[in-house]
Amino acid sequence: MSVITVETSPIGGQKPGTSGLRKKTRQFMAHHYLENFVASIFAAIGGAAGKTFVVGGDGRYFNERAVQVILRMAAAEGAARVIVGRGGLLSTPAASNLIRRRGTDGGIILSASHNPGGEDEDFGIKFNMPNGGPAPEHVTAKMFEATKTISSYRILEAHDADLSTTGEARMGDMAVEIVDPVADYAALMEELFDFDAIRSLFAGGFTMRFDAMHAVTGPYATEILEGRLGAARGTVANGTPSQDFGGGHPDPNPIWAKPLMDEMMGPDAPDFGAASDGDGDRNMIVGKGIYVGPSDSLALLASRAAAIPQFRDGLVGVARSMPTSTAVDRVARAEGLGLYETPTGWKFFGNLLDDGRVRLCGEESAGTGADHVREKDGLWAVLAWLNVLAATGLSVADLMAEFWDRYGRVYYSRHDYEGVDAEAAGALVGDLRARLPSLPGTEAAGRTVEAADEFAYDDPVDGSRSEGQGLRVVLSGGGRIVLRLSGTGTEGATLRVYLEQAEDRVDLDPAEALAGVVDAAEALAGIRARTGRDGPDVVT
Ligand code: G16
């Protein structure tokens, strides 16, 4: 086995977005594309020599090939050990856990999350730091810089590692350790929750459907829900990971998880429904006849933290991304918790969690998580809900009714305009940005603008500043509009419009409650004319 040095040249556009580098799979499969980026990761972290990494992904098309390339490049760079999930599989939260638990120097996670998989779909790669969390902006900036100057990379000439069975082998001087992807994660969940209480709930006839969407969470959910907690066999649907997610879109929301929604809204609905995404870090929560949006789910868990053993010593503080609804703010204020508002991207929660300022975080993009790992964690959120259901004996609908009764209700929706011409989307945002200073005091569709700014975040732990993180407009009468461009899309631009309306009345139709804010957004930004669309492509 020998190390060869391969001549290469910079490839444009290898700039990590909200969560690593996401592109079309074919692009990743093109000559040098993956290799250039992996070499740039190693360059950004001061090399791989003597280090231990975790590597795994969500099993989408090209996952296993990419793992083999990374192993050979890590070996060539002198890494001491790489820990790989069997079959190259690791859910994102499980990878985060392994990085932390094994005291490694970080990990490389292969996923394009909830984006479809396949040769003509999407692929992605990101680096997580020794704390288990996604690389912060100053590190991803170094990666991008390295992609612009790269002239060669090193790779070991070696046979593929056998990823199919657990155990240890060598690749050159590097140890390749294949581990059960589920075992350590399942053990962690047992430490955090009251499994006895949840077992009793299921033993008492409680029913559940978990839609794994043909993605990586299937084996985790089957082991934990059916294996350890006694949920009926068949509780987990679509539980075998497939390279193209069964041809579907593994995004746990009412649009893409429609079969689950239909079942939960139907006459024979189970007591509880849930789903997770491609790499297992997102979640969707549904009760019998009631969908719980991600922002409300975060707020509910914050309000019921006392029922969750993980938070036995106190919740201390909570954090939400800026576009996430302000429902959790109400809980924080009422319960005397610290509250932090961060830019979109889980990486911004890392410092707050490491510093012990917050223990629970969430995002409107179906992400909820806590201080046990440094990623959002889909199955964790589901188990947290199960723990609350078991501890209170209430239904999902009753829990939400009590919550809204106590804290008031923040109606919320996100409108996505996908694959918009990048220039048009940029101009829309640019024009509104320019008008922000003059908006306060003016009217938009009958509502007065109370405040308008572009969100910038000053990290209270390391003092770093992140600018340009979304346009916010606060309206009279409890309305708020946020506009930003997605950092995870792979084609054109995706414009996200986040809409919320706080109300004392808790029984309004959400679409009606939000109609005034939707009109104001249109009046302020001219979205229809600018995008050439009649309406959003996806409403969640
Ligand atoms: C990623 C990030 C999240 C972010 C989401 C949406 O999630 O980890 O923090 O909220 O993208 O980002 P954007 O609005 O820029 O598309 P995931 O699940 O895709 O890794």
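The model is predicted: local features need pLDDT of at least 70, side-chain atom pairs count only at pLDDT 80 or more, and totals for chains, interfaces and linings use all residues. Residues are numbered from 1 along each chain as its sequence is written, and side-chain values use heavy atoms, with hydrogens and water left out.

**Ligand site**

- The ligand sits in the largest cavity. A cavity is a set of points, on a 1 Å grid over the protein atoms alone, where a 1.4 Å probe fits but cannot get out; a molecule sits in it if more than half of its atoms lie within 2 Å of its grid points.
- Around the ligand there are 19 residues, the closest being Glu363, Ser486, Gly487, Thr488 and Arg496; a residue counts if one of its heavy atoms lies within 4 Å.
- Polar contacts are pairs of N or O atoms within 3.5 Å.
- A polar side-chain atom of Thr18 is 2.7 Å from an oxygen atom of the ligand.
- For Ser486, an N or O atom in the side chain lies 2.6 Å from a ligand oxygen atom, and for Gly487 a polar backbone atom lies 2.6 Å from an oxygen atom of the ligand.
- The protein buries 99% of the 460 Å² that the ligand exposes when taken alone (Shrake-Rupley method, 1.4 Å probe).

- Strands are DSSP runs of E with at least two residues, helices are runs of H or I with at least four, and both are numbered from the N terminus. Two strands pair if DSSP finds at least two bridges between them.
- Strand 3 (residues 52-57) pairs in the parallel sense with strand 4 (residues 81-89) over 5 bridges, and Phe53 has Val82 as its bridge partner in strand 4.
- Helix 3 (residues 63-76) carries the chain from strand 3 to strand 4 in a right-handed β-α-β crossover, meaning a clockwise path from the first strand over the helix to the second with the strands pointing away from the viewer.
- Strand 4 also runs parallel to strand 9 (residues 174-179), joined by 5 bridges; Arg81 is partnered there by Ala175.

**Strands 10, 11 and 12**

- Strand 10 (residues 208-211) pairs in parallel with strand 12 (residues 272-276) over 4 bridges, with Asp211 opposite Ala275.
- Strand 10 is joined to strand 11 (residues 236-237), in parallel, by 2 bridges, and Phe210 has Val236 as bridge partner.
- The chain passes from strand 10 through helix 8 (residues 217-228) to strand 11 in a right-handed β-α-β crossover.

Conventions: A polar contact is a pair of N or O atoms within 3.5 Å; within protein, one must be able to donate a hydrogen and the other to accept it, and residues adjacent in sequence count only if both atoms are side-chain atoms. On a 1 Å grid over the protein atoms alone, a cavity is a set of points where a 1.4 Å probe fits but cannot get out, and a pocket is an open set with protein on both sides within 12 Å along at least five of seven lines; lining residues have an atom within 4 Å of a point.
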